[in-house]
Amino acid sequence: QRVDDSGAAIGRRYARMDELGVPFAVTVDFDTLQDHHVTLRERDSMQQIRVHVDQLVGLLVGLTSFRRQKGVPATWQEAVAVHKII
């Protein structure tokens, strides 16, 4: 777990995480305070989806554990089918 509070632009932050090989990046923004959704970005496709904070941990566990959990996407394609791409 790491919080990037460097003040760098979001694109630079994503690039830094990509270089390190981090598969998923979570971004909390001003909209999060209103709608309780965060942005989840997948490194390989660079696609981003909005996920409710209550679903985030379960989704990340499903995406990284390779174990099927009822009602939880286990692949990025399944996550994209459930959550809106932004």
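Aspartate 35 is partly exposed, at 32% relative accessibility (buried means under 20% relative accessible area, exposed over 50%, and partly exposed in between, with a 1.4 Å probe and protein chains only). Aspartate 35 forms a salt bridge with arginine 50, with 3.2 Å between the closest N and O atoms. This is a predicted model, in which local features need pLDDT of at least 70 and side-chain atom pairs count only at pLDDT 80 or more, while totals for chains, interfaces and linings use all residues. Residues are numbered from 1 along each chain as its sequence is written, and side-chain values use heavy atoms, with hydrogens and water left out.

**Salt bridges**

- The structure holds 3 salt bridges, a salt bridge being a side-chain nitrogen of Lys or Arg within 4 Å of a carboxyl oxygen of Asp or Glu.
- Arginine 50 also meets aspartate 29 in a salt bridge, at 3.3 Å from N to O. Arginine 50 lies in strand β3 (residues 48-52) and aspartate 29 in the loop between β1 (24-27) and α2 (30-35), so this pair ties together parts that are 21 residues apart in sequence. Helices (H or I, at least four residues) and strands (E, at least two) are DSSP runs, numbered from the N terminus.
- Arginine 50 is buried, with a relative accessible area of 15%. Its partner aspartate 35 lies in helix α2, so that pair ties together parts that are 15 residues apart in sequence.
- Aspartate 29 is partly exposed, with a relative accessible area of 28%.
- Arginine 43 and aspartate 44 form a salt bridge, their closest N and O atoms being 2.9 Å apart. Arginine 43 is partly exposed at 25% relative accessibility, whereas aspartate 44 is exposed at 59%. Through shared partners, salt bridges join Asp29, Asp35 and Arg50 into one network.

**Sheet**

- An open sheet is formed by 3 strands in the order β1-β2-β3, with antiparallel pairing; two strands pair if DSSP finds at least two bridges between them.
- Strands β1 and β3 stand at the edges with a single partner strand each, so one side of each has no neighbour in the sheet.
- Neighbouring strands are turned by 30° against each other on average, direction ignored. Axes are lines fitted to C-alpha atoms, for helices over the stretch in contact, and angles run from 0 to 180 degrees between N-to-C directions.
- Strand β2 (residues 37-42) is joined to β3 by 5 bridges, and the two run antiparallel. Arginine 41 has glutamine 48 in β3 as its bridge partner.
- Threonine 27 lies in strand β1 and is buried at 15% relative accessibility. Neighbours within four places in sequence left aside, threonine 27 is in contact (heavy atoms within 4.5 Å) with Ile10, Tyr14, Thr32, Val38 and Thr39.

**Helix α3**

- Helix α3 (residues 53-65) lies across β1, β2 and β3 and runs at about 125° to β3.
- Its 13 residues reach 19 Å from the first C-alpha to the last, close to the 18 Å expected at 1.5 Å a residue; the expected span is 1.5 Å times one less than the number of residues.
- The buried residues of α3 are Leu56, Leu59, Gly62 and Leu63. They cover an arc of only 140° around the axis, which puts them on the same side of α3; the arc is that of the directions from the helix axis to the C-beta atoms.
- Asp54 and Val57 are exposed on the other side of α3.
- The buried residues of α3 pack against β1, β2, β3 and α4 (76-82).
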